[in-house]
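Please consult the sequence and the model while reading.

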Amino acid sequence: MEIDEISISRAIIDRYHEKLSANLESDVAIVGGGPSGLVAGYYLSRAGKKAVLFERKLSIGGGMWGGAMMFNEIVVQESALPILDEFGVRYRKYEQNCYTADSVEAVSSLTAAAVKAGLVIFNCMSVEDVMMREHGLVGLVLTWSAVEMAGLHIDPLAVRSRFIVDATGHAIEVVRVVQQKVPGKLATESGKVEGEKSMWSDRAESLTLENTREVFPGLYVAGMAANATFGGPRMGPIFGGMLLSGKKAAEELIARL
Ligand code: 48H
């Protein structure tokens, strides 16, 4: 039978809208498809929770693709190796507590496992705001990344979720919107974003885990965003903390859902 262009177009339009419509309400909406967001989404989905992830860029993976300085190898410490095993990412020991993995294999393995576990990912979609009620946050406000990039004034759409995870990395975009626009204080020392500190890999890796928690009713922070919110240092190109943080966020949310 002849392949018809209109069937191709209709198939894409129908399937996409089916997917979008089915995910207007979720248990957890994750913002950012870097390593922490992907790992959080994987564990939530594997536990049967309805998780959806929004990523501004065309590609999923955040800062992980480039390793460090575009040398596409990542370093992972011993405590996070079980997560690499879970995702089937191969690694090699470099020295004590210092393992390396190919960053392309890492990103693609995390992404494939998360999607197969049930995580629904929308790429090219930017979160520009949150939805609020008296008791806290109840969802996200979305726009196409292309609309954002073009600077067009076009009204957005909204999705409802029981919890939100800000996994937007250094930028902490959701937390910053909440600080600016939602009445109330963040659960940080000053009540505001404390801001990321300069590099101290060892301390940063443990603090990333400690700082992975609820920062405002309904809003969790994970990955680099956790340290940037609570004032922890940056860690440089070591990714164990990102993986462990995503897992911790998922575990805390699973316990609450
Ligand atoms: C939709 C958005 C929005 C938005 C941003 O930066 P990431 O890789 O985040 P993490 O925390 O999982 O990993 C951090 C790691 O990559 C890193 O930078 C490290 C370890 N740095 C250490 C150091 O010292 O520098 O991914 C965040 C993702 C990106 O893909 C963004 O495009 C996306 O979030 N994003 N998506 N709506 N408003 N803001």
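Where does the ligand sit? The ligand sits in the largest pocket. A pocket is an open set of points on a 1 Å grid over the protein atoms alone, with protein on both sides within 12 Å along at least five of seven lines; a molecule sits in it if more than half of its atoms lie within 2 Å of its grid points. This is a predicted model, in which local features need pLDDT of at least 70 and side-chain atom pairs count only at pLDDT 80 or more, while totals for chains, interfaces and linings use all residues. Residues are numbered from 1 along each chain as its sequence is written, and side-chain values use heavy atoms, with hydrogens and water left out.

The volume of the largest pocket is about 700 Å³, taken as the space filled by probe spheres set on the points. Its lining comprises 34 residues (each with an atom within 4 Å of a point), and Gly62, Gly63, Thr168, Gly169 and His170 are the closest to the centre. Helix 2 and strand 7 are the elements that each give two or more residues to this lining; helices (H or I, at least four residues) and strands (E, at least two) are DSSP runs numbered from the N terminus.

Around the ligand itself there are 27 residues (a heavy atom within 4 Å), the closest being Ser36, Glu55, Gly63, Arg234 and Gly236. Strand 7 contributes the most to this shell, namely 3 residues.

Polar contacts are pairs of N or O atoms within 3.5 Å. A backbone N or O atom of glycine 236 is 2.8 Å from a ligand oxygen atom, and one of proline 35 is 3.3 Å from an oxygen atom of the ligand. A polar backbone atom of arginine 56 lies 3.0 Å from a nitrogen atom of the ligand. Alone, the ligand exposes 790 Å², of which the protein buries 92% (Shrake-Rupley method, 1.4 Å probe).

Definitions and conventions
A polar contact is a pair of N or O atoms within 3.5 Å; within protein, one must be able to donate a hydrogen and the other to accept it, and residues adjacent in sequence count only if both atoms are side-chain atoms. On a 1 Å grid over the protein atoms alone, a cavity is a set of points where a 1.4 Å probe fits but cannot get out, and a pocket is an open set with protein on both sides within 12 Å along at least five of seven lines; lining residues have an atom within 4 Å of a point.
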